[in-house]
Amino acid sequence: MESQLGLITLWTQGDWVTKSVAVLLLGMSLASWIVILIKALDILKFKSLASRTENFWHSADFEKGMDTLGTTTDNPFVQLARSGQEATAHHRNTQTQLHDALDISDWISRSLRNSIDDSTARFQSGLAVLASVGSTAPFVGLFGTVWGIYHALMGIGASGQATIDKVAGPIGEALIMTALGLAVAIPAVLGYNALVRGNKSILTKLNRFAHDLHAYFVTGARVSNTLGGDGKVVVMKKA
């Protein structure tokens with residue numbers, strides 16, 4: 001309750017600089033929370049899509065396997081599989097271009113890597129906002145505190161009253177800006193770290209799926225992931 005009263009007093013008594021800093025911190029907080037919520041939902045969605053990759057390999061053929069992966073346009077696993085399929089068809093059906101100097105394994109590897117790079121860039125979008133907010137919000141709040149203290153001291157000097165009750169109130173209210181800066185920065189930093197870990201988990205599954213797709217497009221079979229590492233292959237009919 002006291003903190004709310006302090007914020008109200010700070011807003012009503014503050015000048016345009018103090019109010020601008022408070023609005024800036026509010027905007028930074030809203031931006032960081034929006035990014036955290038959107039990217040967290042994306043990670044949950046991609047983890048759900050990643051769980052379908054094992055069913056993909058139990059399909060009768062490639063096209064039926066694609067149906068198990070889903071049909072969403074932003075599905076990185078579907079995009080990866082289509083990229084490998086298109087690269088394979090392009091290499092086998094084209095004989096007069098420069099890429100013929102590469103064997104099919106290298107050609108498919110480059111295509112899959114390009115698809116993974118595109119997905120990585122999409123996963124990392126928005127994280128720069130969290131990094132910027134986490135690193136700058138404390139200093140924005142500190143600037144608001146310094147300006148608030150200066151503004152309070154100027155008011156006290158003009159009134160000619162420098163008793164402790166006259167000093168403590170305005171300066172204490174100015175220090176709230178530092179607390180606001182930390183309150184904005186801490187969720188942004190924690191959210192950034194959590195989203196980075198989530199993205200790494202998705203990329204690990206995406207790279208594993210790319211490895212299996214590479215083996216499938218080159219040899220016609222996927223290297224088995226069963227325990228024991230016996231090197232058996234799982235055959236899938238091509239479309």
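Is F209 buried or exposed? F209 counts as buried, because its relative accessibility is 3%; buried means under 20% relative accessible area, exposed over 50%, and partly exposed in between, with a 1.4 Å probe and protein chains only.

Before I go on, the conventions. This is a predicted model, where local features need pLDDT of at least 70, side-chain atom pairs count only at pLDDT 80 or more, and totals for chains, interfaces and linings use all residues. Residues are numbered from 1 along each chain as its sequence is written, and side-chain values use heavy atoms, with hydrogens and water left out.

Aromatic contacts next. A pair of aromatic rings is described by the distance of the centres and the angle of the planes. Rings of Phe, Tyr and Trp (its six-membered ring) pair if their centres lie within 6.5 Å; planes under 30 degrees apart are stacked, over 60 edge-to-face, and the rest tilted. The structure holds seven such pairs. One of them joins W57 and F209, edge-to-face, at 6.0 Å centre to centre with 65 degrees between the planes. W57 sits in helix α3 (residues 53-57) and F209 in helix α8 (residues 164-219), so this contact ties together parts 152 residues apart in sequence. Helices here are DSSP runs (H or I, at least four residues), as are strands (E, at least two), numbered from the N terminus.

W57 is also buried, at 3% relative accessibility. W57 has an edge-to-face pair with Y216 as well, at 6.0 Å centre to centre and 70 degrees between the planes. Y216 lies in helix α8, so that pair links W57 in helix α3 to a part 159 residues apart in sequence. Y216, at 2% relative accessibility, is buried. One aromatic cluster takes in F56, W57, F77, F209, Y216 and F217.

Now the charged side chains. How many salt bridges does the structure hold? Two, where a salt bridge is a side-chain nitrogen of Lys or Arg within 4 Å of a carboxyl oxygen of Asp or Glu.

K45 pairs with D74, the closest N and O atoms being 2.6 Å apart. K45 is in helix α2 (residues 16-50) and D74 in the loop between α4 (62-69) and α5 (76-93), so the bridge ties together parts 29 residues apart in sequence. K45 is partly exposed at 32% relative accessibility, and D74 is partly exposed at 27%.

R113 bridges to D117, with closest N and O atoms 4.0 Å apart. These two are four residues apart in helix α6 (residues 104-124), which means about one helical turn separates them. R113 is partly exposed, at 39%, as is D117, at 40%.
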